Amino acid sequence: MDRGEVLSILERHDGNRSGLIPILEDIQARYNHLPAEALTVLAEETDRSLTDIYGVATFYKSFSLKPRGKHLCSVCTGTACHVRGAPIITEEFERRLETNAGDTTPDKEFTLETVNCLGACALGPIVVVDGHYFSDVNSAGVKRIIKKTRAGLDKVQVKADRRIFPVSVNCSRCNHSLMDPEHPVDEAPSIRVTASFGRKHGWMRLSSLYGSHNLECEYEIPADTVVHVFCPHCHAELKGASDCPDCGAPMISMIVRGGGIVQVCTRRGCKGHMLDLNGGGF
Amino acid sequence: MITLTINGLEATVDEGTTVLEAARFLGLPIPTLCHMEGLSPYGACRLCVVEIGEGPKAKIVSSCTYPAQDGLRVRTSSARVVRARKMVLELLLASCPQSKTIQDLASFHNVRQQRFRQEHDDCILCGLCVRMCEEQMMAKAIGFRGRGQTRSIGTPFDVRSEACRLCGGCMYVCPACQLRCTYTEPDKAVCGGCANLSPPCVDIESFDDMMCYMSPCVACETAAH
Ligand code: FES
Ligand code: FES
């Protein structure tokens, strides 16, 4: 754990004035759990008592003080799910993953957890894996869920989610197509641009699925870096018209084929983006 | 000023007074466990229940947290209150039968047996020690952790807290004596009361069965409280 990283998370929360839970959420998002050292830093920097922080961190099931695996699998054992057979589901998961509820598999792939009521009792027994809900699970379904997760839930989900759709874009200056069908990202043609940050300068391929934040890059981009993005054809910087509404970093803009522009935040990790299909100001 | 009636007696008290304080002002006894003067009311043990209101609207509330209101009619020992109190005591006895404080309260209120499964918990989560540490000792070394069945009291990460000055205040107020002598585990110690007395009880095999309410302690002959 890096002290500077925690400090930068705290900075984003404006030191003292922001609530404790959003800070803990961000720390957990970064490390996948709440490392003890991070909590100590948090206590020192914000003048909170470690006792209070620890109390909150242990109160909520969604916070974990133990490192978690890549996939978080929560089995609901609330009253309704319990009578509909949640204990059998839990056992089946324990058997198949060879771990106990509350623990992580040795290969750090799965963390198995039980939770108390997810508010969807009529659909029980409920299992949630990485934010994807599975209803009416029976013990035969457990195997399927694990298989699906190993294959990558997000991949399966892209087609099913109607909010995610592909866009084709051109450079806003030379109007050359930026699409690169040779190198698919998310199994769709990617958007190829040139990225530069620090001393590094290389290709970057963005997913063309609007709503997906997957990308590939020649160099690993550290979190929170603001990247300069250029058109690979005319080498002009793809500067946007406005700053990101979420984090304030500049946005890049590209022309959507069929009319309109799409703007994407240039800060690594920030999910700010806008699609304006009618506007197309320039 | 607020005027309320307790057991038919009128009392005039300041705004912000609790029903418990008003009753004590009149000299009416209400048993308490998690209440202590100088600490904020917490309402955890429910031993201080009283009945307020009339007829079908009458209800049972905890007097240590209930603010006195104008015209409030309070009964501190109606049949319903006595029944509720006995039930609370039975439950407390079930969870922590070895506590001298709870045993004394039970015998005083004529509770001779209890019907629940014996738990032998060493903490009833009354929060006295937490409030003592925070409000009187200004340390906040211990606090509540977890929730529901796994709720417990202790230091963060179960290691000795740097905020703790080993004052022993938490042990002093504890009715269940969970945080009694931790001499055998110096890393976790929240008290250092006897650390340089080398108490003989540490060597005795039945250390775990000894309770600090044995005052003076039968083994090391130092007064525990
Ligand atoms: S009990 Fe499982 S969702 Fe409510
Ligand atoms: S003394 Fe009132 S609830 Fe414990």
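I started at B:Arg145, which counts as buried at 11% relative accessibility, under the 20% cut-off. This is a predicted model, and I kept that in mind throughout.

**Salt bridges**

I looked up the partner of B:Arg145: the side chain of B:Asp158 meets it in a salt bridge, 3.0 Å from N to O. The two sit 13 residues apart, B:Arg145 in strand β6 and B:Asp158 in the loop between β7 and α5 of chain B. B:Asp158 is partly exposed, at 40%.

Elsewhere, I noted that salt bridges with shared partners join A:Arg3, A:Glu44 and A:Glu45 into one network. My search of the whole structure gave 20 salt bridges over all chains.

Next I checked B:Arg73 and B:Glu54, whose closest N and O atoms are 3.0 Å apart. This pair connects strand β5 to the loop between β3 and β4 of chain B, 19 residues apart. B:Arg73 is partly exposed at 44%, and B:Glu54 is partly exposed at 44%.

**The sheet in chain B**

I then traced the open sheet: 5 strands, mixed pairing, order β2-β1-β5-β3-β4. β2 and β4 each have a single partner strand, so one side of each lacks a neighbour in the sheet. Neighbouring strands are turned by 35 degrees on average, direction ignored.

I followed β1 into β2: they run antiparallel, joined by 5 bridges. B:Ile6 has B:Leu9 as its bridge partner. The hairpin has 2 residues between its strands, and B:Asn7 in the turn shows a positive phi of about 50 degrees.

β3 and β5 pair antiparallel over 2 bridges, with B:Ile52 opposite B:Val74. Last, I placed helix α2 of chain B across β3, β4 and β5, at about 155 degrees to β3.

Notes
Residues are numbered from 1 along each chain as its sequence is written. Chains are lettered from A and ligands numbered from 1 in the order in which they are written. This is a predicted model: local features need pLDDT of at least 70, side-chain atom pairs count only at pLDDT 80 or more; totals for chains, interfaces and linings use all residues. Side-chain values use heavy atoms; hydrogens and water are left out. Two strands pair if DSSP finds at least two bridges between them. Helices (H or I, at least four residues) and strands (E, at least two) are DSSP runs, numbered from the N terminus. Axes are lines fitted to C-alpha atoms, for helices over the stretch in contact, and angles run from 0 to 180 degrees between N-to-C directions. Contact means heavy atoms within 4.5 Å. A salt bridge is a side-chain nitrogen of Lys or Arg within 4 Å of a carboxyl oxygen of Asp or Glu. Buried means under 20% relative accessible area, exposed over 50%, partly exposed in between (1.4 Å probe, protein chains only).
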